[in-house]
Amino acid sequence: METDQLLAGTGRVDITPAPGTPQGGWGAQTHQRGVAADMPFHATALALAQGNEQVVIVDADAIGFDAEWTGRIVSAVSGLTSLPPERIRFSCTHTHSGPNTFRLANISEGLDMAVSYLESLPHRIAGAAWQACQNLEPVRVAAASGECGISVNRRVRLPDGRVIVGQNLEGEPDRTLRVVRFDRLDEEPVAIIMHYACHGTIMGWQCRHFTPDFPGPARQVVEQQMGCRSLFLQGAAADQGPRVGFTGDIEVYHRLGRELGLEAAKIATEIDTLTRRQRLAGVMPSGANIALYEYERQEPEVPVLRVTSRTIRLPLKAFALPQELEAEVGRLWAEAERCRGAGDVEGLRLANALATQAGWRLGNAQRYFGKQATEWPMQAIRVGPVAFLSIAGEPFSAIGRRIASQSPFRHTLFSGYSNGGFGYIPERQDYDAGGYEIEATPFSADAADVVVSEGVQLLWELAEEKL
């Protein structure tokens with residue numbers, strides 16, 4: 001059966017926060033407002049269409065958004081593009097040195113600017129998606145993978161048995177860099193997708209500049225080298241962090257981002273979306289007899305575009321009564337403000353950290369107390385031999401490896417940080433070790449197996465779907 005040509009187009013909008021917008025991504029942070037953006041923040045959209053099937057993938061420079069704000073953004077994209085919400089993927093790069101878009105309750109200075117920034121995003125991001133839909137043109141697609149060493153396992157076990165966040169050089173890293181290339185029919189690139197798992201925590205609590213962290217420079221390098229727009233899709237990065245991180249040195253994120261971008265550009269350059277068959281055409285006598293070849297272009301099969309989504313149910317831990325935690329949170333924030341007023345920087349840092357930890361415990365209790373499970377979004381996009389599988393929250397890297405190993409697709413790009421909501425999704429064996437991600441997660445130890453099972457099933461359904 002003949003398949004319609006695959007179409008693709010890109011769009012982009014600047015979403016750089018204004019100086020003075022509250023910055024947020026660290027409990028140890030003592031300042032509230034960011035002084036300036038070190039480089040622009042973007043939301044980049046890739047629209048794909050084939051016949052009656054269409055989808056838009058959006059990559060935004062942000063730590064993330066809760067379900068409410070994600071819903072507003074997706075609704076705006078849907079309204080402007082006329083695409084149903086289930087045909088929209090909204091993903092965040094997860095930079096920790098961007099504006100505060102998810103812990104508004106922590107803001108005691110500049111809340112009006114934080115809300116104003118958030119309110120400006122839905123229609124701006126929708127504009128980028130709409131632009132991508134206007135730029136559709138016939139494309140071919142191909143993918144390849146390699147490795148990049150900017151990421152390490154971040155769960156460090158101390159001699160006293162505690163597990164903290166750092167650089168565990170003996171732990172299992174996930175350094176796979178996946179690259180997808182979309183070419184016009186003249187073989188010039190339209191878009192490059194990078195997929196890599198690493199927390200955007202190179203820039204730490206000391207940094208008063210807004211930065212997109214390493215994905216920003218990585219995209220910039222790819223675009224300079226390839227001459228087209230690039231998207232960065234964060235992988236399963238819950239237990240993956242930068243090999244150098246938690247710094248105030250701006251140059252570090254630029255350097256590691258360039259390293260990732262150059263490796264991605266190398267992979268992209270080597271990808272050929274149009275295959276060629278080599279044929280021996282003759283022999284040229286010379287100092288040695290030299291083979292002469294002719295190359296016959298072979299048009300590949302038109303890649304199939306399919307999009308599907310489902311709501312899965314993730315099992316939850318048990319939670320304390322929210323009322324039991326509210327007083328503790330209030331007391332800690334009051335202590336933080338007392339230290340701020342007294343100029344006690346170290347006291348403020350400790351109170352902020354404790355208040356942040358108590359805050360996410362309270363948030364989990366408010367959302368999930370008394371529940372056995374919660375609904376969680378999962379989406380799959382098939383583009384020929386490439387599958388994009390995404391969920392909300394922060395899955396551990398082993399979940400991504402398990403899914404990829406069981407996927408029917410040659411290239412499987414599994415991501416978290418998509419379509420709203422927060423929550424670590426650790427592997428079962430990590431619960432015994434404990435640590436920040438285990439304490440912060442709302443999910444029980446069974447959740448990872450549910451994600452893998454549901455994700456693999458969804459991929460196989462896409463692969464077996466009849467045209």
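Author: What follows starts with the core and then turns to aromatic rings and the whole chain.

This is a predicted model, in which local features need pLDDT of at least 70, side-chain atom pairs count only at pLDDT 80 or more, and totals for chains, interfaces and linings use all residues. Residues are numbered from 1 along each chain as its sequence is written, and side-chain values use heavy atoms, with hydrogens and water left out.

A nonpolar core is a set of buried Ala, Val, Leu, Ile, Met, Phe, Trp, Tyr and Cys residues joined through side-chain atoms within 4.5 Å. Buried means under 20% relative accessible area, exposed over 50%, and partly exposed in between, with a 1.4 Å probe and protein chains only. The largest core holds 41 residues. W376, I403, I425 and V451 have the most contacts inside it. Several elements each supply at least two of its residues, including strand 16 (305–315), helix 5 (322–342), helix 7 (397–406) and helix 10 (447–464). Helices (H or I, at least four residues) and strands (E, at least two) are DSSP runs, numbered from the N terminus. Helix 10 gives the largest share, 8 residues.

Take I403. Leaving aside neighbours within four places in sequence, I403 is in contact (heavy atoms within 4.5 Å) with L389, T412, F414, V451, V452, V456 and L459. A second, separate core has 30 residues, among them A62, W69, A126 and A132.

Now the rings. The structure holds 10 aromatic pairs. Rings of Phe, Tyr and Trp (its six-membered ring) pair if their centres lie within 6.5 Å; planes under 30 degrees apart count as stacked, over 60 as edge-to-face and the rest as tilted. Y424 and Y436 have ring centres 5.3 Å apart and planes at 80 degrees, so this pair is edge-to-face. Y424 lies in strand 21 and Y436 in helix 9, 12 residues apart. Y424 is buried at 6% relative accessible area, whereas Y436 is partly exposed at 29%. W26, W205 and F246 form one aromatic cluster.

W69 of the second core also has R72 over its face, 4.1 Å from the ring centre. Such a charge counts if NZ of Lys or CZ of Arg is within 6 Å of the ring centre and within 35 degrees of the ring normal.

Finally, the whole chain. The chain has 10 helices and 21 strands. Buried residues make up 56% of its 467 residues. Among contacts with a separation of 6 or more, 78% join residues 24 or more positions apart.
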